Amino acid sequence: MVGMAMKTKTKSLGFSLIELLVVIVIVGILSAIAVPLYINHQRQSYRSDAKAVLLEQARLLERYFTANNDYEDATLSVTTTAGGRYLLSFENANGDGSNSDVATYKVNATPQGGQAADPCNVLSIDNFGRKAPKECW
(Lines give C-alpha, C1' and ligand atoms only; values in the text may rest on other atoms or scores of the structure.)
Protein backbone atom coordinates (compact mmCIF):
# COMPACT_ATOMS: atom_id res chain seq x y z
CA MET A 1 0.00 0.00 0.00
CA VAL A 2 2.95 2.23 0.17
CA GLY A 3 3.01 2.77 -3.58
CA MET A 4 -0.65 3.54 -4.02
CA ALA A 5 -1.77 7.14 -3.94
CA MET A 6 -4.59 7.82 -1.58
CA LYS A 7 -7.64 9.46 -3.02
CA THR A 8 -9.42 11.89 -0.81
CA LYS A 9 -12.95 13.06 -1.28
CA THR A 10 -13.47 16.78 -1.01
CA LYS A 11 -16.85 18.21 -0.29
CA SER A 12 -18.11 20.85 -2.70
CA LEU A 13 -19.11 24.05 -0.95
CA GLY A 14 -21.73 26.37 -2.48
CA PHE A 15 -23.92 26.05 -5.55
CA SER A 16 -23.10 25.25 -9.09
CA LEU A 17 -23.97 27.71 -11.81
CA ILE A 18 -26.74 25.45 -13.13
CA GLU A 19 -28.38 25.21 -9.71
CA LEU A 20 -28.26 28.98 -9.33
CA LEU A 21 -29.79 29.53 -12.79
CA VAL A 22 -32.63 27.08 -12.05
CA VAL A 23 -33.46 28.95 -8.85
CA ILE A 24 -33.41 32.31 -10.67
CA VAL A 25 -35.75 30.98 -13.39
CA ILE A 26 -38.19 29.62 -10.78
CA VAL A 27 -38.20 32.92 -8.86
CA GLY A 28 -38.74 34.80 -12.14
CA ILE A 29 -41.73 32.65 -13.09
CA LEU A 30 -43.30 33.03 -9.65
CA SER A 31 -42.77 36.80 -9.76
CA ALA A 32 -44.31 37.05 -13.23
CA ILE A 33 -47.45 35.42 -11.84
CA ALA A 34 -47.59 37.00 -8.37
CA VAL A 35 -46.84 40.67 -9.10
CA PRO A 36 -49.75 41.28 -11.54
CA LEU A 37 -52.13 39.47 -9.18
CA TYR A 38 -50.98 41.63 -6.30
CA ILE A 39 -51.34 44.85 -8.31
CA ASN A 40 -54.86 43.82 -9.40
CA HIS A 41 -55.78 43.08 -5.79
CA GLN A 42 -54.52 46.52 -4.76
CA ARG A 43 -56.58 48.23 -7.47
CA GLN A 44 -59.70 46.37 -6.35
CA SER A 45 -59.07 47.44 -2.77
CA TYR A 46 -58.64 51.10 -3.75
CA ARG A 47 -61.80 50.83 -5.90
CA SER A 48 -63.70 49.55 -2.85
CA ASP A 49 -62.52 52.60 -0.91
CA ALA A 50 -63.79 54.87 -3.71
CA LYS A 51 -67.17 53.12 -3.76
CA ALA A 52 -67.51 53.57 0.01
CA VAL A 53 -66.73 57.30 -0.31
CA LEU A 54 -69.23 57.65 -3.17
CA LEU A 55 -71.96 56.00 -1.13
CA GLU A 56 -71.17 58.24 1.85
CA GLN A 57 -71.31 61.37 -0.33
CA ALA A 58 -74.64 60.23 -1.82
CA ARG A 59 -75.99 59.75 1.70
CA LEU A 60 -74.88 63.24 2.70
CA LEU A 61 -76.41 64.74 -0.44
CA GLU A 62 -79.71 63.05 0.32
CA ARG A 63 -79.61 64.52 3.83
CA TYR A 64 -78.97 67.92 2.28
CA PHE A 65 -81.93 67.43 -0.06
CA THR A 66 -84.19 66.44 2.84
CA ALA A 67 -83.33 69.67 4.64
CA ASN A 68 -83.30 72.01 1.60
CA ASN A 69 -85.53 70.29 -0.99
CA ASP A 70 -82.84 70.90 -3.62
CA TYR A 71 -79.23 70.05 -4.48
CA GLU A 72 -78.45 73.51 -5.86
CA ASP A 73 -75.98 74.69 -3.21
CA ALA A 74 -74.84 71.23 -2.13
CA THR A 75 -71.13 70.44 -2.10
CA LEU A 76 -69.04 67.37 -1.44
CA SER A 77 -67.51 67.00 2.00
CA VAL A 78 -64.32 65.49 0.50
CA THR A 79 -62.65 65.91 -2.90
CA THR A 80 -60.39 62.85 -2.93
CA THR A 81 -60.29 59.39 -1.46
CA ALA A 82 -57.63 58.39 1.05
CA GLY A 83 -54.24 58.48 -0.63
CA GLY A 84 -55.57 60.64 -3.46
CA ARG A 85 -56.19 57.65 -5.70
CA TYR A 86 -59.61 58.93 -6.82
CA LEU A 87 -60.69 62.51 -7.46
CA LEU A 88 -64.33 63.18 -6.60
CA SER A 89 -66.51 65.54 -8.60
CA PHE A 90 -70.11 66.63 -8.23
CA GLU A 91 -72.47 67.29 -11.13
CA ASN A 92 -75.57 69.19 -10.11
CA ALA A 93 -78.31 69.50 -12.72
CA ASN A 94 -81.54 71.20 -11.80
CA GLY A 95 -83.57 69.77 -14.59
CA ASP A 96 -82.88 67.23 -17.29
CA GLY A 97 -84.54 69.12 -20.16
CA SER A 98 -87.87 67.36 -19.84
CA ASN A 99 -88.89 68.53 -16.40
CA SER A 100 -87.16 71.58 -14.93
CA ASP A 101 -88.56 70.89 -11.46
CA VAL A 102 -86.50 67.73 -11.04
CA ALA A 103 -83.33 68.21 -9.01
CA THR A 104 -80.60 65.69 -9.79
CA TYR A 105 -76.97 65.03 -9.04
CA LYS A 106 -74.21 62.69 -10.03
CA VAL A 107 -71.04 62.06 -8.04
CA ASN A 108 -68.02 60.78 -9.96
CA ALA A 109 -64.78 59.21 -8.74
CA THR A 110 -62.02 59.54 -11.35
CA PRO A 111 -58.92 57.38 -10.84
CA GLN A 112 -55.60 59.19 -10.46
CA GLY A 113 -51.96 58.13 -10.79
CA GLY A 114 -51.36 54.38 -10.81
CA GLN A 115 -55.04 53.73 -10.25
CA ALA A 116 -55.78 55.25 -13.68
CA ALA A 117 -54.92 51.84 -15.19
CA ASP A 118 -57.97 50.37 -13.44
CA PRO A 119 -60.24 48.90 -16.14
CA CYS A 120 -63.33 50.29 -14.38
CA ASN A 121 -62.15 53.87 -14.94
CA VAL A 122 -64.68 56.44 -13.61
CA LEU A 123 -67.12 55.24 -10.94
CA SER A 124 -70.34 57.17 -10.38
CA ILE A 125 -73.61 57.24 -8.49
CA ASP A 126 -76.62 59.50 -9.03
CA ASN A 127 -79.65 60.60 -7.03
CA PHE A 128 -81.63 57.58 -8.25
CA GLY A 129 -79.01 55.24 -6.83
CA ARG A 130 -77.80 54.20 -10.28
CA LYS A 131 -74.21 53.07 -10.14
CA ALA A 132 -71.89 52.98 -13.13
CA PRO A 133 -70.20 51.01 -14.50
CA LYS A 134 -72.45 48.21 -13.27
CA GLU A 135 -69.87 45.44 -13.56
CA CYS A 136 -67.54 47.28 -11.18
CA TRP A 137 -70.02 47.67 -8.36
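1. Ground rules. The model is predicted, so local features need pLDDT of at least 70 and side-chain atom pairs count only at pLDDT 80 or more, while totals for chains, interfaces and linings use all residues. Residues are numbered from 1 along each chain as its sequence is written, and side-chain values use heavy atoms, with hydrogens and water left out.

2. Helix 1. Helix 1 covers residues 17-68, 52 residues in total. (Helices are DSSP runs of H or I with at least four residues, strands are runs of E with at least two, and both are numbered from the N terminus.) From first C-alpha to last, helix 1 reaches 75 Å, close to the expected 76 Å; the expected span is 1.5 Å times one less than the number of residues. Just after helix 1 comes Asn69, with a positive phi of about 60°.

3. What helix 1 buries. Look for Tyr46, Arg47, Ala50, Lys51, Leu54, Gln57, Ala58 and Leu61: these are the buried residues of helix 1. (Buried means under 20% relative accessible area, exposed over 50%, and partly exposed in between, with a 1.4 Å probe and protein chains only.)

4. Gln57. This one sits in helix 1 and counts as buried at 3% relative accessibility. Neighbours within four places in sequence aside, Gln57 is in contact with Leu76, Ser77, Val78 and Val107, where contact means heavy atoms within 4.5 Å.

5. Arg47 and Asp118. The whole structure has 3 salt bridges, each being a side-chain nitrogen of Lys or Arg within 4 Å of a carboxyl oxygen of Asp or Glu. Arg47 pairs with Asp118, with the closest N and O atoms 2.8 Å apart. Arg47 is in helix 1 and Asp118 is in the loop between strand 2 (103-111) and strand 3 (123-126), so this pair ties together parts that are 71 residues apart in sequence. Both Arg47 and Asp118 are buried.

6. Glu56 and Arg59. Here the salt bridge has its closest N and O atoms 2.5 Å apart. The two residues are 3 apart in helix 1, so about one helical turn separates them. Glu56 is partly exposed at 33% relative accessible area, and Arg59 is partly exposed too, at 40%.

7. Arg130 and Asp126. These side chains meet in a salt bridge at 2.7 Å, N to O. Arg130 counts as exposed at 53% relative accessibility, whereas Asp126 is buried at 10% relative accessible area.
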